[in-house]
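Visitor: I'd like to go through the charged pairs here and hear the reasoning behind each label. Can you show me what we're working with?

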Amino acid sequence: MPIKLSLPILGQPNPSEPKDLHLVGRYALGVTWEDDHSSIYPFDRLRLDDPASPAGSDAALTEAMSWPRDIKRLPDALRVTWTDGRESRYPYPVLRGLCRCAGCTGGH
């Protein structure tokens, strides 16, 4: 899956900087970006989209693999520690590129 990266424009909010992180229901993370775009990342999809995972490794996830124990906002990335002990880092431009909303994917 190709990842889109956005370049900031001088004088405009950086679209790759999160303004707010919040839970969406019980199974997803919501991110409001500096340009006021909102993204929703279901936990299981977030785990499958881990940038450190080998390409094409859509293995079946157990509940422990797809449930976060800790979500931490770092200066340059989001760090998720899963209940199975794995730690995933999502640099903000990469995380923004993983947005699957209709506006980002060209859907209707």
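Guide: Arg45, Asp49 and Arg100 are linked in a network of salt bridges. Bear in mind that this is a predicted model.

Visitor: Why is the contact between Arg45 and Asp49 called a salt bridge?

Guide: Their side chains come to 3.0 Å, N to O. The cut-off is within 4 Å, so the pair qualifies.

Visitor: What makes Arg45 partly exposed?

Guide: Arg45 has a relative accessible area of 25%. That falls between the 20% and 50% limits, so partly exposed is the label. Asp49 sits at 14%, under 20%, and therefore counts as buried.

Visitor: How do you know that Asp84 and Arg47 form a salt bridge?

Guide: The N to O distance is 3.1 Å, and the limit is 4 Å, so they pass. This pair links distant parts of the chain: Asp84 is in the loop between strands E5 and E6, Arg47 is in helix H1, and 37 residues separate them.

Visitor: Which label does Arg47 get, buried or exposed?

Guide: Buried, because its relative accessibility is 7% and the cut-off is under 20%. Asp84, at 37%, counts as partly exposed.

Visitor: And what makes Asp35 and Arg96 a salt bridge?

Guide: Again 3.1 Å from N to O, so within 4 Å. Asp35 lies in the loop between strands E2 and E3, while Arg96 belongs to helix H2, 61 residues apart. Arg96 is called buried because 11% is under 20%.

Visitor: How many salt bridges does a search of the whole structure find?

Guide: Seven.

Definitions and conventions
Residues numbered from 1 in each chain as written. Predicted model: local features only at pLDDT ≥ 70, side-chain atom pairs only at ≥ 80, totals over all residues. Heavy atoms only, no water. Helix = DSSP H or I, 4+ residues; strand = E, 2+ residues; numbered from the N terminus. Buried < 20%, exposed > 50% of the residue type's maximum accessible area, 1.4 Å probe, protein only.
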